[in-house]
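Trainee: I am new to this structure and would like a close look at a single part, the surroundings of the ligand. Please take me through that part and then through what lies around it.

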Amino acid sequence: MDFPTRHLTQPLPYDPSYEVPEEGEADTIAGLTESIREIANTVDQDTGHARRGVHAKSHGLLRGELRVLPNLPPDYAQGLFSHPGGAWPVVLRLSTTPGDLLDDKVSTPRGMAIKVIGVPGARLPDGVGDVTQDFVMVNGPTFLAPTAKQFHGSLKLLATTDKAPTLKKALSTALRGVEKVVEAVGGESATLKGLGGHPETHILGETFFTAAPILYGRYMAKLSLVPVSPELLALKDQPVDLEHKPNGLRAAVVDFITEHPAEWELRVQLCTDLATMPIEDASVEWEAPWVAVARVRTEPQAGWTHGLSVLVDDGMQFNPWHCIAEHRPIGSIMRVRRAVYAASARFRAERNGAPLVEPHNLDQWREHG
Ligand code: HEM
């Protein structure tokens, strides 16, 4: 299909014809749901507790506030961001990709899930009554696979659920060496990092990205969360000693968050040209400028406790489909996530006997944080 090609800076209004389902998408959804279920089931059998099929381990559970910047240009004042100065509570969950709780020495890509609570706006039919808007991000601007079908193929490589921690640590160390060589010749390998060759750096120094697009009112956008407070900025690429510290990333988060406020900018990239900024291929980095639309701020707090883990890890689900209609996810990867996330959440809720309820406020946080 030929899409409009415009080498202009004007954002391109969304049209449903831009979304082209991948061949066999229903089979991909079924296959991914099954693979994720297998991972979660293995972890449940091994540990007696069901967790997310991926991103099982949390390293920080934070409460904060998102505040929309005043005076946004009209193209950027859309959806949630059409309320100048509007402020809502947020929950932030920092994670790493595997579906089991590995020693942090097995260093993998990082996730940041944001749940904004109390957001006004029309909902999708299955979200009527909810008031949340989730942004689910990883620490790279692109997803490791262009489409859901290709991701299904590589999921088995990323799903480290076998019990061989020593081997995994050795593999991770070896891969980090290889990764340095790859970077030296001018690239970064998502696959190698996914397998455990991610640099052992402070997770709070990361910039996070949705990698896959969502609607942005009339337009299409990718979002990112960028550290801006000086103390956070100082953590960028800062090495963390993870030797004999299986939960070293979490310890580093707690050390920082108990002492310091933290502030991030939420930035948006609007699609201006589908040929160079595709919505059906999440492995392509968009070239459009990043524009700040909101700030997210946390005050000093506990950072992670067992009680918060029960509240957030077990009691909540972050899913880009928890959204207002104006921020509906789009493209192959996003469409497929809808059913797969729901199935993963149902599985752990049933196994743990812990029902998942979309929060309307953070009243319960006080008891735990
Ligand atoms: C077809 C592609 C994808 C599939 C099948 C998939 C699958 C999943 C599943 C099953 C969960 C756990 C859901 C739960 O039990 O609550 C999850 C969590 C997560 N995913 Fe994905 N994912 C995909 C793409 C992505 C992308 C593009 C990103 C970000 C750019 C991402 C980032 C995350 C993060 C950060 C979490 C943890 C959320 C939390 O803290 O609860 N995933 N994913």
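Mentor: Four elements, α1 (25–47), β3 (110–117), β4 (132–138) and α8, each supply at least two residues of the shell around the ligand. Helices (H or I, at least four residues) and strands (E, at least two) are DSSP runs, numbered from the N terminus. This is a predicted model, in which local features need pLDDT of at least 70 and side-chain atom pairs count only at pLDDT 80 or more, while totals for chains, interfaces and linings use all residues. Residues are numbered from 1 along each chain as its sequence is written, and side-chain values use heavy atoms, with hydrogens and water left out.

The ligand is surrounded by 25 residues, and the closest are R52, R93, Y341, S344 and R348. Helix α8 gives the most to this shell, with 7 residues. By type, the shell divides into 16 nonpolar, 5 polar and 4 charged residues. Here Ala, Val, Leu, Ile, Met, Phe, Trp, Tyr, Cys and Pro count as nonpolar, Asp, Glu, Lys and Arg as charged, and the others, Gly among them, as polar.

Next come the individual contacts. Y341 is found in α8, which covers residues 332–352. The OH atom of Y341 is the single donor from the protein to the iron atom of the ligand, 2.0 Å away. Donors are N, O and S atoms within 2.8 Å of the metal (3.2 Å for Na, K and Ca); water is not among the atoms, so sites may look incomplete.

Polar contacts are pairs of N or O atoms within 3.5 Å; within protein, one must be able to donate a hydrogen and the other to accept it, and residues adjacent in sequence count only if both atoms are side-chain atoms. S344 has a polar side-chain atom 2.5 Å from an oxygen atom of the ligand. For R52, an N or O atom of the side chain is 2.6 Å from a ligand oxygen atom. In R93, a polar side-chain atom lies 2.7 Å from an oxygen atom of the ligand.

The structure holds 4 aromatic pairs. Rings of Phe, Tyr and Trp (its six-membered ring) pair if their centres lie within 6.5 Å; planes under 30 degrees apart count as stacked, over 60 as edge-to-face and the rest as tilted. The pair of F209 and W290 is tilted, because the ring centres are 6.0 Å apart and the planes stand at 55 degrees. F209 lies in strand β5 (residues 208–209) and W290 in the loop between β8 (262–270) and β9 (291–298), so this pair ties together parts that are 81 residues apart in sequence. F209 is buried, at 14% relative accessibility, whereas W290 is partly exposed, at 32%. Buried means under 20% relative accessible area, exposed over 50%, and partly exposed in between (1.4 Å probe, protein chains only). F81, F135 and Y216 form one aromatic cluster.

Terms used:
Near = heavy atom within 4 Å.
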